[in-house]
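Subject: A structure for you to look at

Hi there,

Here is the structure I promised to pass on to you. Have a look at it first, and then read on for what I found.

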Amino acid sequence: MTLGLFLLRRLVMILPMALFIVFCTFMLVRISGQDPIHLLTGPTASAAEIALVRSELGLDQPIWAQFGLYLLKLLRGDLGNSWITGDPVLGDVLACAPATLELMIWGVLLGALIGIPAGLGSATRPGGTFDQVTRTLSLLGFSIPTYWLGLVMMFVFFYLLGWAPPGIGRIGMMHSPPPTVTGSYLIDALLAAEWGVAHSAFGQLVLPVVCVTIIAAAPIIKQTRAIAIEVRASDAVRYAVASGLPLATERRIVLRNSATPLLTFIATEFTGLVGTTSLIEYVFAWGGLGQYGLTAITSGDFTAVQGYVLAIALFAALVLLVTDLIVIVIEPRASLRP
Amino acid sequence: MLLAVEDLHVHFISRSLRNRLRTARALNGVSFRCEAGEILGIVGETGAGKSLTAHAAMGLLRPPARLIGGSIRFAGRELASLPDAERRALRGREMAIVVQNAKSSLDALCRIGDQLIRLYRAHRGGGEAAARARALEVMAAVGIPDPERRMRAWPHELSGGMAQRVLIALALINEPKLLIADEPTTGLDVTVQAQILDLIVGLARERGMGVILITHDLGVVAHYCDRIAVMFAGRVVETGPVRAVFGAPAHPYTRALIGATPERLTIGRGTRQAGPPPPNLYALPEGCHYRDRCPVAGPECAAPPADRDLGAGHLAACWHAGAETSAAKLLQSRDGSA
């Protein structure tokens, strides 16, 4: 099976999943008992006004007709317009996504850079001092409530110590965003050589990224430790020890044999972190996709919720597909059979 | 003296669910010697401690296995007191082991040739080209057809027998002074088995390599080994020159073992009942561990038997050794003629 065929198969397999998710989200928001009409029209609206808004939004149609209409639009690449702002949802999602990605990529990257060496270190002597300390810290990272962590960080480092800028978004008030290339303010500012902007964007990034890093590193430490202990006990590593290979080689064999399960775990964690990140975005007024989704849910903006959920599902599918491709490259036993 | 093991004790120490220490006395005073150029066969039923002895000699014990006492001297050096780095340098270079589980012991993420080259260069340094030439040579020597092509193979592409041969090639690539082969020819057909054993015997004779051959196959011992050590419940119960032990087995367990070999079963005489359960290592009986299964056990066997010297290096740990029993005479006459 060639790579092209493999990709095609995997992409085709995403379609029914996406359809199922669209269906579930569509129905769930409608049976949630929320009726956004009163929010939209205001408390003083007359019955005639309410009926008018209802028919404008298509809410007077039967639910299946509404769903069919939504699907037809979806096929044309139209996610509908937000009921609150009237803006196209697709545009909103695309505008918000880079902010979230920036936060998550930095967070998971740093989380992996801390978590993997810590986990490997723990696994060399399970029960040792280093292991005990790392496990306690990891447990702490597991049990801290996300939004509380964000608030405490802001309280300590902005309010008490004054080291960090206020959590009011992705860039200080004195600066305007750099020209968009990657969507990350920090990288774009560096590319445009706007050093002041870059400095401000970096400062804004630090606290929320540290929050995501703490949340991301905890399970990575735990998983790395478990995987590495298993790999170290495997016949292959025992034989490497028995044949007197140098310590560095032995460590490399352990790392290399842990790579595939680790990568798969981090990818799953990455997709799962979208939810956690939305709380951090909320605390730091980050203006990313997570915050967008949270606002949409609490305000009963049905089309925005649907667009948000679909975007996250497709993102997860993409991340897992890329992971599988990497595994195929690094793992000689992997085949292209999905 | 190449390898001298004296009074080796290894215990498995674990905790029960009630947090009580549980000790399995796996090796209870194992002693044997192996000279340069000599082939020592170690036989015994499953659980007798053959592989554990091999691992202890290589310094590969891992928790819960613990070296409790005894001495392992390799070429005059006491291994237990040797620093970790020096032991590592010995393993795979001076003393090599062929482990069981050939397929899973190879590094799944490294091509066969690269594993051979890696091992050679780890101990000998030198260039890639010299290592490659040596790898090809040793692969051809262990009967791997088309070595050039096999160098590029991944471990998962090999059959069990081929993996076994790769493992033997890995053990021999650095021309060790001592080879410990733990059932090296299981899974190989008879012609290949003979080819590999002939190769090992040849190396022992030509280069003075000491060989410890752990096997279930008494035929292999009779044909290839100079001396034999019979193990039962973590102790060498009888040892001596192959001819002497097979000619006049002095320990009842040795007699049972010889009586249980398949060719005797087919003849129909001297048949023994299929193996009774091995003794419980958590609660070994006082005195002779073979007492419960022994057909000639008497009241004197409640005290631990000392090694009895039967002349010409033939030792047996049995109170009745030397006293000719009718069973011994029967077997002696049959083995003497065989």
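This is a predicted model: local features need pLDDT of at least 70, side-chain atom pairs count only at pLDDT 80 or more; totals for chains, interfaces and linings use all residues.

Two packed helices are described by the angle between their axes and the distance between the axes. For H7(A), which covers residues 146–160, and H11(A), the angle is about 30 degrees and the axes are 8 Å apart. On the H7(A) side, the contact is made by Thr146(A), Tyr147(A), Gly150(A), Leu151(A) and Met154(A). H11(A) brings Thr276(A), Leu279(A), Ile280(A) and Val283(A) to it. Sorted by class, the residues where H7(A) meets H11(A) are six nonpolar and three polar, with no charged ones.

Stepping back to chain A as a whole, you will find 13 helices and zero strands. Its C-alpha trace spans about 85 × 55 × 40 Å along the principal axes. Chain A has 338 residues, and 34% of them count as buried. If you take the contacts in chain A with a separation of 6 or more, 70% of them join residues 24 or more positions apart.

Next, the place where the two chains meet. Chain A gives 16 residues to this contact, and chain B gives 24 residues. Two helices of chain A, H10 (235–242) and H11 (247–283), each supply at least two residues of the side that touches chain B. H10(A) has the largest share of that side, with six residues. By class, the side of chain A that touches chain B holds nine nonpolar, four polar and three charged residues.

Finally, how confident is the predictor? The complex gets an ipTM of 0.83 and a pTM of 0.81. For chain B, the mean pLDDT is 83, and 89% of its residues reach 70 or more. One stretch of chain B to look at with care is residues 264–273, where pLDDT stays under 50. For that stretch the model has ten contacts beyond four places in sequence.

Enjoy exploring, and write back with any questions!

Best wishes

Methods: Residues are numbered from 1 along each chain as its sequence is written. Chains are lettered from A and ligands numbered from 1 in the order in which they are written. Two residues are in contact if their C-beta atoms, placed from the backbone, lie within 7 Å. Helices (H or I, at least four residues) and strands (E, at least two) are DSSP runs, numbered from the N terminus. Ala, Val, Leu, Ile, Met, Phe, Trp, Tyr, Cys and Pro count as nonpolar, Asp, Glu, Lys and Arg as charged, and the others, Gly among them, as polar. A residue is buried if 20 or more other C-beta atoms lie within 10 Å of its own, exposed if 12 or fewer, and partly exposed in between; C-beta atoms are placed from the backbone. pLDDT is the predictor's confidence in each residue, from 0 to 100. Axes are lines fitted to C-alpha atoms, for helices over the stretch in contact, and angles run from 0 to 180 degrees between N-to-C directions.
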